[in-house]
Amino acid sequence: MLLTHILAAGAIQSQGIAEQAGSGFAQTLGVGLTSGLSAGLASGVVGSAGVAIAAGHWTTSLIVLLPLLSFVLCALCAAGRVKSKLPAWITVVCLGGAFAFAVHSYLGLDGHIGGGEGAAVHGGVAQITHLFDWINFAWGSGPGEHFIASFAFYVDTLTCLWMLFVTGLATLIALYASEYMSHDVGAGYCRFFAAFSLFVFSMACLVMGDNLLLLYLGWEGVGLCSYLLIGYFYKKPSAVAAAKKAFIVNRIGDLFLALGIMLCWVHFGSIEYKEIFAKAAPYIELLKQGNIDSIPAIAQLIPILLMLGAFGKSAQLPLYVWLPDAMEGPTPVSALIHAATMVTAGVYLIARTYPLFLISEHALPIVGWVGALTALVAATIAMAQFDIKRIMAYSTVSQLGYMFAGLAVLTSTGAAAHVFTHAFFKAMLFLSCGAVMHGFAGQLDLRKLSGVGSMPGWRVVGIAMLVGCLNLAGFPIITAGYWSKDMILGEAFANPHTIAIGWILLVTAGLTAYYTFRVYFRVFVGPKYYEPGDELHADGGDHDAHAAHGKHEGHAGHAHAGHAGHAGQEAHADRGHTGTASHFHPHPPGWAINTVLGVLAVAAFVAIIPVTMNPFKSAPAAGVNAATAGEHEAHGGWIGHLVQSSTAATVGTAAYLETHVDGAAHSGQSNSTDAGHAGAGHAAHATFFGFEAHKAMMVVSGIVGAIGILVAFMLHYVGRTTAARSKADAIVPLLGPLAYWAQRKWFVDEFYDILIVKPLWVLSNIFALVDKYLVDGLVDAFGWAPRAVGRTLRPSQSGEIHGYALGMAGGIAVLLVIVLLVTLQ
Amino acid sequence: MSLLINSVFLGQAGFPAEFSAPALSHYILVSALMFIIGLIGFITRRNLIVMFLCTELMFQAAGIAMVAFGRYHLDLTGQTFVVFVLTVAAAEASMALALIVLLFRRKESLNAEEWQDMKG
Amino acid sequence: MCLALPRRGVSPQILGAILASTAGGLALVALGAMNPTQLPNVYFYVFSSVALGGALRVITHPRPVYAALYFVLTVIATAGLFLILSAEFMAFALIIVYAGAILITYLFVIMLATQAPQEGEIEVLTEYDTSAREPIAATVVGFLLLAVLSTMMFTGVATLKAPTAEKRDGMTDSLLADTPRKIERAMRSAGTLEPGEHVKIDTASGTAQIDFAARTVAVTGTDGEGQTRLAALPTNLSLSNAERLGFSLLRDHPGAIEIAGVILLMAMLGAVVLSRKQVQIDEDAKLLQSRSLAASLAKSNIDNRTNSGGGIAS
């Protein structure tokens with residue numbers, strides 16, 4: 001029943017599209033697109049920004065509803081005071097189910113794409129699954145007089161890409177968290193997993209929503225869950241403060257996003273994607289003709305507002321201050337939310353509304369510069385921090401800058417690929433740091449840990465960390481991170497006027513490699529040393545748990561031999577601790593953590609494949625220019641195929657570049673040059689010292705990465721005998737104040753404090769006074785007045801007859817006087 | 001002078017002769033004065049009985065005014081109403097005196113200021 | 001009228017009283033002087049001065065008994081004023097009801113409600129009788145009212161409508177037709193009626209037929225039939241005040257009479273009900289009473305003893 005209803009709704013949706021679509025799109029619907037396609041392809045650029053809409057399968061809504069179910073069940077567990085790990089298993093099962101349905105949706109969608117209905121159509125095919133009418137409000141029958149925001153899911157390839165890795169990572173990290181949070185079993189455990197599931201639900205709404213309002217719902221939802229989860233240790237004031245900071249800074253971005261959505265509605269008359277893309281299509285046409293100046297200013301303003309919202313959520317330059325502090329939350333939270341999913345929401349937003357960004361003259365350049373500068377600044381800060389989780393947080397900020405810069409240099413494929421690979425290796429890095437934190441009672445200072453990778457039971461963590469660091473640093477050829485970063489760098493140097501951005505990104509790549517391996521060489525290799533952290537009490541007497549962990553068997557394919565051999569006394573005896581005379585024993589991770597780390601490490605390598613190749617490539621439809629289609633797909637592999645088949649495809653890039661280089665004067669020539677620059681528009685307008693940009697970058701970025709690793713090796717591994725000091729300490733004084741400033745995060749937080757927080761404090765104190773004296777005073781006056789009147793009048797009630805008589809006589813006298821005066825007028 | 005003496009001794013004719021307006025104003029003045037005296041007495045004196053006596057004075061004054069006006073308008077309605085006023089005054093006086101006796105029995109005092117239960 | 005009424009300290013202020021009366025008298029004279037041709041009677045001045053003087057003494061005399069007596073004086077003076085105004089019935093009704101009934105009741109109540117004076121302290125005045133309360137405020141208010149009333153009067157009286165001519169004539173004579181017996185009696189004593197003749201009475205309305213212009217009345221023979229002739233009315237025949245008042249009361253305001261009767265009935269019943277109440281004497285009053293009783297008993301015992309002692313001795 002529900003199924004038929006939804007299918008029918010979906011069918012009606014697509015029919016509605018057919019009626020509303022303009023002449024340019026009637027061709028893109030259904031089968032038989034030959035005329036439109038050939039016309040579009042003759043120019044060498046793929047067709048108009050229309051989207052082919054089809055009905056979606058009802059199982060796509062399960063991707064969203066299963067996490068919601070998990071949230072409800074975990075909340076019930078909390079109410080029922082469950083004291084086992086049940087909430088964790090509920091979450092893992094539901095999220096795993098969501099992942100399964102995500103795969104199913106992709107397969108359902110891919111069939112359509114491969115079948116050729118929208119094979120070379122720019123916007124690709126989207127399936128809309130209508131769940132229920134959330135807001136459907138009309139106050140007239142004119143074009144701008146009704147507002148629809150239904151709870152419907154817009155599934156195209158971009159959505160599939162995002163949902164696949166979001167749900168996949170969420171499942172793995174839930175499994176990790178089931179062990180990581182095990183010391184908190186009880187109310188806190190249920191609360192954690194409830195918020196976790198709610199987060200996945202919100203993220204799904206954000207990614208899969210078919211209108212901007214549903215995206216905003218998800219946006220706010222992930223912000224809320226981030227707040228809840230960062231402030232999970234609510235008894236810690238620093239955690240509470242960090243949660244508040246995250247929420248408030250996000251809010252600033254959300255304001256601009258809301259404004260952008262409203263402006264979108266004002267200008268386009270709708271906030272549903274299909275409507276927006278339909279109405280933006282003419283602007284894309286104008287762009288392709290090089291006529292960017294005739295695109296209305298409002299339409300150019302919308303993406304600027306949207307991007308300001310994205311800056312807040314994805315921690316770009318002015319609004320990044322919340323992300324390092326967000327490390328106060330438990331490590332699974334940091335891994336999932338602040339590495340892989342929530343912070344990529346900004347990237348997703350820009351990718352999803354990419355056509356709008358393309359038509360704006362200033363939006364993408366701003367995005368590019370902000371991204372590049374963010375990357376650089378964050379890298380410099382990370383070089384000087386000592387808390388390894390903080391370093392990873394700043395590296396996240398830096399890599400997000402890369403993604404934004406990638407979007408700006410017109411490789412949405414590169415940005416998406418970097419999101420994809422970054423999700424895996426950053427999650428892995430965070431989880432490894434978390435394992436360290438978990439095992440060493442909260443110790444995260446790299447001056448107090450050393451040689452962890454060679455401690456018994458820590459080998460998997462060490463290997464995972466190494467794999468992650470290699471990816472982050474972009475070690476050539478064998479790491480996925482290298483390939484995705486290379487796409488961005490290559491495109492940056494290929495476009496003539498993003499070369500400056502390209503240089504900044506290149507330098508940042510070197511710094512990234514350096515600080516990443518600084519962590520690795522200090523913490524995981526070298527002489528063995530450890531000091532317990534602040535949470536010592538949690539681990540003090542946990543020897544039984546150690547034994548239990550030691551007994552857990554692994555899973556095929558992971559080197560756990562050392563771990564399996566540990567039992568009882570042997571386990572304790574083998575822990576090397578030099579220096580400290582305490583009875584503290586580090587707590588190596590158990591099977592859940594090791595499983596997840598292993599899977600992620602393997603995935604980090606496997607991720608090379610989707611980034612570079614497309615194993616699912618299907619035969620192109622008849623009439624499609626095979627060469628351009630193949631080229632199009634080959635660039636960026638499977639991910640590239642997914643991205644370019646959606647609305648995030650880079651369209652009209654040649655024209656875009658033309659107009660941005662030479663202005664509108666060359667609009668007439670763009671058509672001919674379009675034919676010359678076929679396909680995906682990554683023809684080499686610029687070169688890197690005479691070499692073709694992409695190929696040059698493949699070599700140069702590898703070299704830069706290797707240099708960074710080498711420097712770190714020299715400074716932090718060679719000749720290091722203690723945990724606390726290394727050769728780098730000798731260089732620090734030579735850098736003078738720079739090092740100090742970098743370590744103190746360039747005093748950005750303090751600057752914001754003076755600029756914004758303190759004035760707001762003063763203002764709110766003033767308002768408190770206003771409230772207390774003016775508002776409360778006004779209300780009190782209402783109570784005071786009758787009492788005062790009563791106090792004044794009470795003496796007249798003396799109870800004496802004479803007083804009353806006098807009053808009466810006096811009153812009569814006065815009245816008569818008045819009457820007399822009146823009548824005598 | 002003879003005019004003065006004439007008018008003084010003979011001045012005002014009886015009913016049904018006409019009654020002059022200035023003569024009326026004399027009577028009204030007397031009535032007003034008596035009324036004010038009664039009012040001041042009522043407010044000033046504390047003895048309950050004397051207070052009621054003053055109210056009777058006020059009745060008297062009203063009566064004079066009514067009869068004078070009746071005489072002026074050559075209408076006996078003024079006197080008729082004085083009859084009723086008299087009736088009401090009698091009834092009220094009897095009730096008031098009965099109450100005064102009861103009040104006196106309670107407090108052994110005729111001081112009107114003793115009764116302040118309605119204070120506040 | 002801007003002469004101050006004297007302050008009432010209720011300690012007898014003869015000076016104050018003289019001042020007040022002089023002021024009032026002067027006011028009246030001034031009033032009279034304004035219009036010398038139409039002054040009221042001299043008796044008016046006599047009666048009004050007595051009335052006002054009595055009223056002043058009512059409110060100023062410390063002893064309640066004297067106040068009541070002065071009130072009687074005032075009532076009598078008022079009756080005199082009524083007489084001058086040709087309201088004889090009212091005058092005597094006033095004396096009978098007020099002076100005769102109400103004031104007697106007042107005096108009885110004063111007797112009942114006075115604390116028995118202790119021996120040797122006959123002349124004491126209770127404190128509340130001695131001093132007045134807020135005399136200044138009262139005087140000011142009274143003043144104000146007086147000013148207003150007199151202003152109203154002075155401006156208003158001049159605009160009073162004069163009684164209509166018809167009323168003038170009608171009042172004098174028209175009611176005469178309703179009293180055929182009176183006419184008959186007067187004519188008989190004047191000799192204008194033949195023996196056996198009666199004034200013709202209209203059977204329907206019971207009135208005589210009078211022609212006021214010619215001042216004749218229709219008269220019939222003994223048997224009621226026979227010829228009517230017009231006889232002259234005696235010249236100074238007119239209704240007395242009582243008769244007129246009767247007509248006015250019963251003909252024009254019968255409902256008011258009924259209501260007045262009901263009011264009197266209520267008053268009677270109320271008095272009966274009130275007098276049956278048992279009153280709880282106040283605690284303080286009881287204490288006072290018992291103390292005074294004990295004191296008087298003690299004193300009488302001492303007196304008896306001394307007396308008896310003296311008696312035995314003698």
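Guide: Buried means under 20% relative accessible area, exposed over 50%, and partly exposed in between (1.4 Å probe, protein chains only). Keep that in mind for the residues ahead. This is a predicted model, where local features need pLDDT of at least 70, side-chain atom pairs count only at pLDDT 80 or more, and totals for chains, interfaces and linings use all residues. Residues are numbered from 1 along each chain as its sequence is written, chains are lettered from A and ligands numbered from 1 in the order in which they are written, and side-chain values use heavy atoms, with hydrogens and water left out.

Visitor: Let me try burial on a helix. Which residues of H9(C) are buried?

Guide: Helices (H or I, at least four residues) and strands (E, at least two) are DSSP runs, numbered from the N terminus. In H9(C), the buried residues are Asn241(C), Arg244(C), Leu245(C), Phe247(C), Ser248(C) and Leu249(C).

Visitor: How do I check a helix length? What should the 12 residues of helix H9 of chain C span?

Guide: Take 1.5 Å times one less than the number of residues. Helix H9 of chain C covers residues 241-252, so 16 Å should separate its ends; the end C-alpha atoms are 16 Å apart, which agrees.

Visitor: What follows H3(C)?

Guide: Ser86(C) does, and its phi is positive, near 65°.

Visitor: Now whole chains. How many helices and strands does chain B have?

Guide: Chain B has 4 helices and 0 strands. Its pattern along the sequence reads α-α-α-α. Of its 120 residues, 64% count as buried. Contact means heavy atoms within 4.5 Å. Among chain B contacts between residues at least 6 apart in sequence, 62% join residues at least 24 apart. For surface, accessible areas come from the Shrake-Rupley method with a 1.4 Å probe, and for residues only the protein chains shown count as cover. Chain B exposes about 4,000 Å², with 69% supplied by carbon and sulfur atoms.

Visitor: And how many helices and strands are in chain A?

Guide: Chain A holds 36 helices and 7 strands. It has 825 residues, and 57% of them count as buried. Take the contacts in chain A with a separation of 6 or more: residues 24 or more positions apart account for 81% of them. The accessible surface of chain A is about 31,300 Å², 70% of it on carbon and sulfur atoms.

Visitor: Next, the interface. How many residues do chain C and chain A bring to the contact?

Guide: Chain C gives 11 residues and chain A gives 13. Buried area is the accessible area (1.4 Å probe) that two parts lose on being put together, summed over both. Here chain C and chain A bury about 980 Å², 85% of it on carbon and sulfur atoms.

Visitor: How many salt bridges are there between chain C and chain A?

Guide: Side chains of opposite charge can pair when their charged atoms come close. The cut-off is a side-chain nitrogen of Lys or Arg within 4 Å of a carboxyl oxygen of Asp or Glu. Between chain C and chain A the count is 0. Over all chains, the structure holds 14.

Visitor: What does Lys236(A) form a salt bridge with?

Guide: Its partner is Glu328(A), with the closest N and O atoms 3.4 Å apart. Lys236(A) lies in the loop between helices H8 and H9 of chain A and Glu328(A) in the loop between helices H12 and H13, so the pair ties together parts 92 residues apart in sequence. Lys236(A) is partly exposed at 39%, while Glu328(A) is buried at 17%.

Visitor: How far apart are the closest N and O atoms of Asp749(A) and Lys245(A)?

Guide: They are 2.9 Å apart, in a salt bridge. Asp749(A) lies in helix H35 of chain A and Lys245(A) in helix H9 of chain A, so this pair links parts 504 residues apart in sequence. Another salt bridge joins Lys758(A) and Asp753(A), at 2.7 Å between the closest N and O atoms. Lys758(A) is partly exposed at 45%, and Asp753(A) is partly exposed at 27%. Shared partners join Lys236(A), Lys245(A), Asp325(A), Glu328(A), Arg390(A) and Asp749(A) into one salt-bridge network.
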